[in-house]
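Please keep the structure open beside them.

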Amino acid sequence: MANKIYPDAAAALDGLLHDGMTIAAGGFGLCGIPERLIDAIVASGVKELTVASNNAGIDNEGLGKLLRTRQIKKMISSYVGENKEFERQYLSGELEVEFCPQGTLAERMRAGGAGIPGFYTKTGVGTKVSEGKEVKEFDGEDYILERGIRADLAIIKGWKADESGNLIFRKTARNFNAPAATSGRICVAEVEEIVPVGSLDPDTIHLPGIYVKRLILGAPYDKKIEFRTVRTREAA
């Protein structure tokens with residue numbers, strides 16, 4: 001069995017990064033994002049990136065770090081409302097954005113990983129989402145053609161993995177990580193814990209190790225919160 005475990009994020013990404021590449025990134029907001037891998041990509045200086053991800057993190061966190069350093073040329077995203085730098089770059093014409101409905105984006109990644117080049121969906125018919133796309137009628141209703149996403153590299157965050165790369169996500173951190181992982185020609189994962197082969201119940205594994213080519217232990221992590229909402233404690 002090939003050794004998939006690398007000492008750090010920079011080592012795991014060695015030889016995989018190049019200007020103009022497409023990266024599929026797992027995570028939703030700041031939940032389940034591959035923090036260590038993103039930091040290594042920032043440090044690499046690679047540029048002109050196309051990144052497919054549900055969103056671009058927030059200002060100075062997650063993929064927001066790559067926006068701040070102007071390393072991203074294009075985002076394929078569903079939700080971008082929490083990132084002021086994203087908004088500024090988009091409105092000023094510095095950043096190309098391909099908006100994609102959330103479910104469609106997840107399916108585009110899944111389809112790409114399954115070898116499906118495209119699929120038809122009703123989502124977005126008659127809206128700006130459908131502009132420039134093929135429309136086909138099925139059973140008297142219109143559907144638009146969406147292309148599967150096949151990325152040069154997938155970066156994901158898991159909870160626990162064994163040494164062969166079989167991986168478990170924790171609760172909602174599963175989000176876009178699984179479809180992103182399969183859509184990449186090479187998938188690099190960071191996890192909170194690595195255990196020996198045979199330690200994980202096969203029925204609990206969310207992502208088979210065949211998809212994970214390189215693996216790092218990213219722990220410990222600091223829990224970051226997008227919005228902190230507090231209220232004044234009422235007197236007893």
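1. With a relative accessibility of 41%, D19 counts as partly exposed, a class that lies between buried (under 20% relative accessible area) and exposed (over 50%), taken with a 1.4 Å probe on protein chains only. K47, also at 41% relative accessibility, is partly exposed. The side chains of D19 and K47 meet in a salt bridge, with 2.9 Å from N to O; the term stands for a side-chain nitrogen of Lys or Arg within 4 Å of a carboxyl oxygen of Asp or Glu. Because D19 sits in the loop between α1 (9–13) and β1 (22–25) and K47 in the loop between α2 (35–44) and β2 (49–52), the pair ties together parts that are 28 residues apart in sequence. Helices (H or I, at least four residues) and strands (E, at least two) are DSSP runs, numbered from the N terminus.

2. On the basis of these points, please bear in mind that this is a predicted model, in which local features need pLDDT of at least 70 and side-chain atom pairs count only at pLDDT 80 or more, whereas totals for chains, interfaces and linings use all residues. Residues are numbered from 1 along each chain as its sequence is written, and side-chain values use heavy atoms, with hydrogens and water left out.

3. By the salt-bridge rule, the count comes to 18. One of these joins R108 and E98, whose side chains meet at 2.8 Å, N to O; since R108 lies in helix α5 (residues 102–113) and E98 in strand β4 (residues 96–99), the pair ties together parts that are ten residues apart in sequence. R108 is buried at 6% relative accessibility, while E98, at 23%, is partly exposed.

4. K160 forms a salt bridge with E193, and their closest N and O atoms are 4.0 Å apart. This pair links distant parts of the chain, with K160 in strand β8 (residues 153–162) and E193 in strand β10 (residues 187–195), 33 residues apart. K160 counts as buried at 19% relative accessibility, whereas E193 is partly exposed at 35%. Elsewhere, salt bridges that share partners join R70, E85, R88 and E94 into one network.

5. Which residues does S53 contact, leaving aside its neighbours within four places in sequence? They are A25, L63, M75, I76, S77, S78, L105 and M109, where contact means heavy atoms within 4.5 Å. S53 lies in the loop between β2 and α3 (64–68) and is buried, at 2% relative accessibility. A polar atom of its side chain lies 3.0 Å from the backbone oxygen of N55.

6. Q71, placed in the loop between α3 and β3 (72–77), is buried at 4% relative accessibility. The side chain of Q71 reaches the backbone oxygen of I41 at 3.1 Å. Leaving aside neighbours within four places in sequence, the contacts of Q71 include I41, V42, G45 and K47, and K47 is the residue that also meets D19 in a salt bridge.

Note on methods:
A polar contact is a pair of N or O atoms within 3.5 Å; within protein, one must be able to donate a hydrogen and the other to accept it, and residues adjacent in sequence count only if both atoms are side-chain atoms.
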